[in-house]
Amino acid sequence: MLSHRAIWDGIDALARRHGHSVSALARLAGLDATAFNVSKRISKDGRERWPSTESISKILEATGESFDSFLNGTGAFMQLNDNGPIRTVPLLGLAQAGSGGFFDSAGFPAGQGWDEITLPSPGEAGIYALEVQGDSMEPLYREGDRIVVSPTEQVRRGDRVVVKTSDGEVMAKILARQSAKQIELHSINPAFGPRLIDISDIEWIARIIWASQ
């Protein structure tokens, strides 16, 4: 049986095969750019939302793919035929992550509104995924890429990290320097300058351990 998550995974896989973010795929098909965003996949009361058959038809027409190839991208057949365990972790849009109620005080997922992503390996407990939004980390991470984050991994200079500030900003950066009073964060995109943030203004820092691109 095709699950809610599998259908959305199929859309994500279709976008990746053609070198698009899900937003770009939606625009290519003549749909609203936010049609396939993570925020559209779960309602405010936590209920799962399904993409319309019309939107699926339009993205297949725009990419020239068949429905069979789309189904293969959902991973549903792999789940039916794979006797081993399938590991999924919570998934949330990076822009959403700054809102209240998605994390506990230690930076672990909490509350409703999370989707799921399947990992290629079992992974560790407590990890979760964020969908990249924005271009500050291009070309390393592009909009629509998923980054898997570990709140328990030790963070060192040079690590790729996700940082949440006390005012609710959540960003993916490179940890360039850390002192007793400040951290310095760098972007990959040269259009974005370094960020200096006081330690007292940091709610949590988590290390990026894997990315789906």
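Colleague: What is the relative accessible area of His18, and is the residue buried, partly exposed or exposed?

Modeller: His18 is found in the loop between helix 1 and helix 2; helices (H or I, at least four residues) and strands (E, at least two) are DSSP runs numbered from the N terminus. Buried means under 20% relative accessible area, exposed over 50%, and partly exposed in between, with a 1.4 Å probe and protein chains only. His18 therefore counts as partly exposed, its relative accessible area being 29%.

Colleague: What pLDDT do local features need here?

Modeller: Residues are numbered from 1 along each chain as its sequence is written, and side-chain values use heavy atoms, with hydrogens and water left out. This is a predicted model, in which totals for chains, interfaces and linings use all residues, side-chain atom pairs count only at pLDDT 80 or more, and local features need a pLDDT of at least 70.

Colleague: What pattern does the chain follow along the sequence?

Modeller: The chain has 5 helices and 9 strands. Of its 213 residues, 46% count as buried. Read along the sequence, the pattern is α-α-α-α-α-β-β-β-β-β-β-β-β-β.

Colleague: Which residues form the aromatic pair, and how many residues apart in sequence are the parts that it ties together?

Modeller: A search of the whole structure finds 1 aromatic pair, where rings of Phe, Tyr and Trp (its six-membered ring) pair if their centres lie within 6.5 Å, and planes under 30 degrees apart count as stacked, over 60 as edge-to-face and the rest as tilted. The pair is Trp8 and Phe36, edge-to-face at 6.3 Å centre to centre with 70° between the planes. Trp8 lies in helix 1 (residues 4-17) and Phe36 in the loop between helix 2 (22-28) and helix 3 (53-63), so the parts tied together are apart in sequence by 28 residues. As for accessibility, Trp8 and Phe36 are both buried.

Colleague: How far apart in space are Asp9 and Phe70?

Modeller: Asp9 also has its place in helix 1. Asp9 is buried, with a relative accessible area of 13%. Asp9 and Phe70 are 61 residues apart in sequence, and their C-alpha to C-alpha distance is 9.7 Å.

Colleague: Which backbone oxygen does the side chain of Ser23 reach?

Modeller: Ser23 is found in helix 2 and is buried, at a relative accessible area of 6%. A polar contact is a pair of N or O atoms within 3.5 Å; within protein, one must be able to donate a hydrogen and the other to accept it, and residues adjacent in sequence count only if both atoms are side-chain atoms. At 3.4 Å, the side chain of Ser23 reaches the backbone oxygen of Ala33.

Colleague: Which backbone nitrogen lies 3.0 Å from the side chain of Asn189?

Modeller: Asn189 lies in the loop between strand 7 (182-186) and strand 8 (195-198). Asn189 is buried, with a relative accessible area of 13%. A polar atom of its side chain lies 3.0 Å from the backbone nitrogen of Ala191.

Colleague: What distance separates the C-alpha atoms of Ile197 and Glu184?

Modeller: Ile197 lies in strand 8 and counts as buried at 7% relative accessibility. Ile197 and Glu184 are 13 residues apart along the chain, with a C-alpha separation of 6.6 Å.
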